[in-house]
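Reader: I have a model open on my screen. Can you walk me through how to read its features?

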Amino acid sequence: MFKNLTFSLIAAAALAAVATAPGYADDGTPAAAPFSQDNPFAKPSALPMQAPAFDKIKDTDYQPALEEGMKEALAEVRKIADDPAPPTFRNTIAALETSGQLLNRVANVFFGLTSANTNDALDKVEQDEAGKLQATQDSISLDPKLFKRIETLYLERASLKLDPEQLRLLEYYYQEAVLAGAKLSDADKDKLKKLNGELADLATQYNQDLVAATKAAGLVVSDKSELAGLSQQELDAAAQAAETRGLKGKWLIPLQNTTQQPLLQELSDRATREKLYKASRDRAEMGDKNDVRTTVLKMAEVRSEKAALLGYPDFAAWKLRDQMAKTPEAVDKFLSNLVPGSVAKSKQEAKVIQALIDQQKGGFQLQPWDWNFYAEQVRKAKYDLDESEIRPYFELDKVLQDGVFYAANQLYGLTFKERHDLPVYQPDVRVFTVYDKDGSELGLFYCDYFKRDNKQGGAWNSNFVVQAKVLGQKPVVYNVTNFTKPAPGQPALLSFEDVITMFHEFGHALHGLFAAQEYPTLSGTNVAGDWGEFPSQFNEHWASDPQVFAHYAVHYQTHQPMPADLVAKIRSSALFNSGYAITEILGASDLDMQWHEFAVGKAPKDVDQFEAEALKRTGLDFAPVPPRYRSSYFQHIWGSSYAAGYYDYTWTRMLADDSFAWFESHGGLTRKNGDRFRDAILSRGNTRDYGQMFRAFNGHDPDVKPFLKDHGLDTGSK
């Protein structure tokens with residue numbers, strides 16, 4: 001129950017509600033009806049594998065279902081805690097695993113919707129319920145009678161004759177309860193509840209303000225000449241985006257979540273590039289109602305107070321206790337070992353770019369908004385590679401069916417069938433039944449690939465239904481991205497980076513689909529953050545595998561495979577700009593850690609000043625390479641679950657590159673290798689120690705050398 005509810009509250013996903021509300025509140029938002037058995041969340045969905053009945057769900061169904069779900073969950077837990085019988089695994093731990101099902105059903109869907117397809121009514125529900133949901137979680141996590149039962153079992157665990165998964169689950173419950181504050185005094189528990197409620201409200205406010213800020217900051221252009229360098233398809237998409245917002249005769253470039261924007265590498269007008277870059281950089285710092293800096297500062301302060309209350313020197317020390325890395329010191333050492341080599345490489349890249357600017361008599365010093373534009377020219381000159389040459393070979397559906405799905409078939413024997421009989425929450429969403437190698441139904445896969453104004457930035461994966469044998473549930477997973485939607489009648493052509501994103505997110509999906517656990521708390525992707533990104537980073541490698549690449553890289557018009565010379569250019573340029581890529585990730589990771597490594601009472605007072613000083617302290621203040629996310633729009637750490645955890649992406653890249661090196665030395669893309677990886681990693685969830693799982697597959701502890709080789713870095717790592 002602890003993990004189920006907590007995971008639901010931070011889930012990022014997709015969904016939409018349809019149909020007409022029965023009434024309206026005074027402010028014009030739909031008025032919620034009382035909960036009844038007619039509510040679509042009252043019982044598990046009757047659709048295949050309990051897929052959400054999006055055709056029946058209305059905006060007004062969520063709030064009463066959430067309220068009733070909290071009520072039921074608290075009653076069920078109260079019954080477990082008050083059980084007069086001595087605690088057993090069955091009457092306590094297993095009972096908790098099957099409690100709170102109504103709340104989990106609605107929360108998994110609701111938070112999917114508020115992330116991917118929200119509206120004013122759902123934003124209002126989220127504001128109203130965030131604090132209550134956190135209070136419900138606190139009531140369970142901090143219940144003294146419940147913790148006493150868990151602690152009793154934990155102390156007796158050696159004599160309970162539990163199987164390995166049951167033992168892991170018991171140990172996990174105890175660890176998470178202690179981390180949640182179960183051993184605090186009653187007075188301190190009250191303080192903690194107040195802090196948790198405040199953080200929940202702040203995170204909700206932050207997410208909603210950031211979505212609004214990102215939408216408002218999109219670059220509107222009135223003169224087409226300012227968009228010189230864009231393809232006709234990109235111009236059409238920008239015109240369509242503007243028209244959607246009622247801006248006829250104009251062009252709109254919506255912002256993606258990252259600092260750098262994709263079109264910066266194509267826009268030849270330097271003034272336009274600067275406007276687009278600064279619109280991205282300053283999106284949430286405009287001094288208006290969507291400015292998030294006050295919220296950021298407050299969240300950092302409250303997190304430090306929470307950590308101190310729980311007995312930790314800072315928030316990062318508390319957060320990392322149940323992660324693979326364990327301590328902030330381990331993370332800081334890992335990151336700092338990578339900084340010298342990555343910054344040195346990015347400075348070498350900058351010199352080459354500056355030389356090109358000087359050669360063209362640009363008369364200016366390289367700025368962040370110039371990097372991608374001139375780097376693309378360097379790439380073209382050095383490798384004779386033009387992004388516009390590549391995109392026609394990466395049509396979205398071809399990449400999905402003949403790339404992402406094909407690799408999963410070759411490695412694991414999976415097959416996929418698109419279905420049109422299941423309702424979706426938005427017309428762009430697609431659904432596939434996933435069949436296992438023996439032909440049985442493994443789960444459902446939803447994908448939602450195109451950017452919308454009411455969707456959070458970035459890309460993510462989560463579950464509508466979590467696999468659990470004890471509940472008779474198969475996994476229903478989904479991927480969400482923010483690819484540019486083409487104009488009507490045009491194909492969706494991707495960059496190779498977009499292709500990598502598709503493979504990445506499907507790696508998460510495989511982790512969820514292959515879940516084979518008895519209990520939901522340990523199932524699939526319910527793992528530590530610095531383990532959870534491992535399967536997704538690993539799956540990225542198959543996008544470049546020669547066999548897989550040849551299968552999907554086909555021209556959308558001629559249906560001819562990508563010419564060998566163009567393939568060779570892509571491969572030879574694989575390490576191009578790698579210094580920049582790693583440095584911007586390290587910048588974000590370092591900012592995250594420093595935001596969460598100060599003691600209570602030492603919180604920063606100015607977001608921008610703290611950011612500048614933090615980057616300078618660790619040698620990541622190389623101006624032409626800004627962090628992948630600035631502090632103000634770093635949604636991962638303020639509005640999601642990655643606080644003191646953004647290092648996960650680099651840490652797990654090390655795990656993934658090391659594991660792929662194992663594949664390369666054992667025959668590469670084979671069913672035998674895939675089955676081994678599935679058995680050792682993808683199907684295990686959180687049922688074993690992460691280090692043990694890694695060693696079981698690779699035969700050794702994580703080695704950073706394959707990572708350094710794959711990125712062309714010489715960091716002098718130790």
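Author: A cavity is a set of grid points where a 1.4 Å probe fits but cannot get out. This is a predicted model. By this rule, the count comes to two cavities of 30 Å³ or more.

Reader: What is the volume of the largest cavity, and which residues lie closest to its centre?

Author: The general idea comes first. Rolling a probe the size of a water molecule over the atoms shows where empty space is left. Here, the largest cavity has about 150 Å³. It is lined by 18 residues, and Val211, Thr214, Lys455, Gln456 and Gly457 are the closest to its centre.

Reader: Which helix gives the largest share of that lining?

Author: Helix H8, residues 186-216, with five residues. By class, the lining of the largest cavity holds four nonpolar, seven polar and seven charged residues.

Reader: Now pockets. How do I read the second largest pocket?

Author: A pocket is an open set of points, whereas the probe cannot get out of a cavity. The second largest pocket has a volume of about 600 Å³. Its lining counts 31 residues, with Lys43, Pro44, Ser45, Gln50 and Arg105 closest to the centre.

Reader: Which helices and strand each supply at least two residues of that lining?

Author: Helix H1 (2-10), helix H4 (101-116) and strand E6 (460-465). H4 gives the largest share, five residues. By class, the lining of the second largest pocket splits into 15 nonpolar, 11 polar and five charged residues.

Reader: On to strands. Is strand E4 largely enclosed or open?

Author: Look at burial, which means under 20% relative accessible area. Five of the six residues of E4, residues 430-435, are buried, so the strand is largely enclosed by the rest of the structure.

Reader: Which strands pair with E4, and over how many bridges?

Author: Strand E3, residues 415-418, runs antiparallel to E4 and is joined to it by four bridges. Within that pairing, Lys417 has Thr433 as its bridge partner in E4. Strand E5, residues 441-450, also pairs with E4 in the antiparallel sense, over six bridges. There, Arg430 stands opposite Cys447 in E5.

Reader: How many residues lie between E4 and E5 in their hairpin?

Author: Five. Check Gly439 in that turn: its phi is positive, about 90 degrees.

Reader: What about helices? Which residues of helix H22 are buried?

Author: In H22, residues 607-617, the buried ones are Val607, Phe610, Glu611, Ala614 and Leu615. Now look down the helix axis. The buried residues of H22 fall within an arc of 125 degrees, so they line one face of the helix. Lys616 and Arg617 are exposed, on the face turned away from the buried side.

Reader: Last one. Is Ser141 buried or exposed?

Author: Use the cut-off again: buried means under 20%. Ser141 has a relative accessibility of 6%, so it counts as buried. Ser141 lies in helix H5, residues 120-141.

Reader: Which side chain does the Ser141 side chain contact?

Author: That of Gln137, through a polar contact of 2.7 Å.

Terms used. Residues numbered from 1 in each chain as written. Predicted model: local features only at pLDDT ≥ 70, side-chain atom pairs only at ≥ 80, totals over all residues. Heavy atoms only, no water. 1 Å grid on protein atoms, 1.4 Å probe; cavity = no way out; pocket = protein on both sides within 12 Å on 5 of 7 lines; lining within 4 Å. Points joined across faces, edges and corners; volume = space filled by probe spheres on them. Nonpolar A, V, L, I, M, F, W, Y, C, P; charged D, E, K, R; others polar. Buried < 20%, exposed > 50% of the residue type's maximum accessible area, 1.4 Å probe, protein only. Pairing = 2+ DSSP bridges. Polar contact = N/O pair within 3.5 Å; in protein donor to acceptor, adjacent residues only side chain to side chain. Arc of directions from axis to C-beta.
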